[in-house]
Amino acid sequence: MNINRSILTLDEFTIQQLRDFPQATGELSSLLRDIGLASKRVNVEVNKAGLVDILGDAGTINVQGEDVKKLDVYANNQFWGVLKHGISCAGIGSEEMDDFVIFDDAVSMNSKYVVLFDPLDGSGNIDVNVSIGTIFSVFRRVSPLGTPCTVEDFLQPGHKQVAAGYVIYGSSTMLVYATKRGVNGFTLDPSIGEFTLSHPNIQCPPTGKIYSVNHGNFFQYDLPVREYITACQKKNKSTGGPYTQRYIGSMVADVHRNLIKGGIFMYPGTTDKPAGKLRLMYECNPFAFIVEKAGGVATDGRQRILDIMPESLHQRTPLFIGSKLMMEELDSYRK
Ligand code: AHM
Ligand code: MG
């Protein structure tokens, strides 16, 4: 019988991958299913954000000293809930919570993974109908199975990630995730309520025409960054410049576009904030993992993001990420 299985759902895809690895336990597939479920619930609320009283500030300040929006809280609770009730996660760390949370029931304590996430990134854009996203990072725990997870499980360098991904709530809703086997993108088909494989084996083009940076901070960047940005605006035969500047202010949307089209995204340190704004564990590590697996490069201007040894859950780092050749060009300004 000729059954058309060319359009795979997220579940079908992860199960398919398990067939190639008979020794795999299926825990990671189950984890991705849980994350997919939470993001579908968040998607529903994001889509009706204008209709219900879910906009605006929730009245508290998060650990980064920023206003927490109501949808941030909702999204945080959805991811927390599915991961707690699933069978694959021993604990979570979230951009919205001061400390990591241990799941100390018997099943969770025997689970292999811990998950770090930014439940709703770009939340400053919620009220104005601009794309926002969820970012997640999965580590295999280093503490023994059967015991509560510990801070060491979370504070691992990014190259130890087992998987990382993001969900973009945009003109369509997409879930993109990477493992050591590559990067795949799934678009939510609203008619069946499932993520379906739409972007198999994503490769970041080696070069592109887009640079993304907050120009408002230009005079606060260090000299090599200012020189590189200025060069992006000039005619240049060898690089194909001048480039096009695109900056949404939602990292998920900015990096997603550059991943697909080719480009470079920068959030450098500034004189006011030398470590920049973005968080290593919730934003930079997962994107660095995804972009590297797609053939791109991610650094803090000095070293590979994935080699940074984290010291605290909420630490920030400058970020330069994107197409390989554009990153090499940026690097030449440092040298
Ligand atoms: P958030 O986690 O509070 O939403 O902040 C992260 C966002 C990123 O998505 C985006 O790239 C950046 O903040 C934009 O910051 P700025 O307005 O300083 O350019
Ligand atoms: Mg964020």
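Is Asp121 buried or exposed? I began with this residue in what is a predicted model, where local features need pLDDT of at least 70, side-chain atom pairs count only at pLDDT 80 or more, and totals for chains, interfaces and linings use all residues. I kept in mind that residues are numbered from 1 along each chain as its sequence is written, and that side-chain values use heavy atoms, with hydrogens and water left out.

Entry on Asp121. I found Asp121 buried at a relative accessible area of 7%, where buried means under 20% and exposed over 50%, with partly exposed in between (1.4 Å probe, protein chains only). I then looked up Glu283, which is also buried, at 1%.

Entry on the metal. I noted that the magnesium ion (ligand 2) has Glu95, Asp118, Asp121 and Glu283 as its protein donors, lying 1.9 to 2.8 Å from it; donors are N, O and S atoms within 2.8 Å of the metal (3.2 Å for Na, K and Ca), and since water is not among the atoms, sites may look incomplete. Asp121 lies in strand 5 and Glu283 in helix 8 (residues 280-293), so the pair ties together parts that are 162 residues apart in sequence. Helices (H or I, at least four residues) and strands (E, at least two) are DSSP runs, numbered from the N terminus.

Entry on ligand 1. I saw that an oxygen atom of ligand 1 is 3.1 Å from an N or O atom in the side chain of Glu283, and that a backbone N or O atom of Met251 lies 2.6 Å from an oxygen atom of this ligand.

How values were computed:
Chains are lettered from A and ligands numbered from 1 in the order in which they are written. A polar contact is a pair of N or O atoms within 3.5 Å; within protein, one must be able to donate a hydrogen and the other to accept it, and residues adjacent in sequence count only if both atoms are side-chain atoms.
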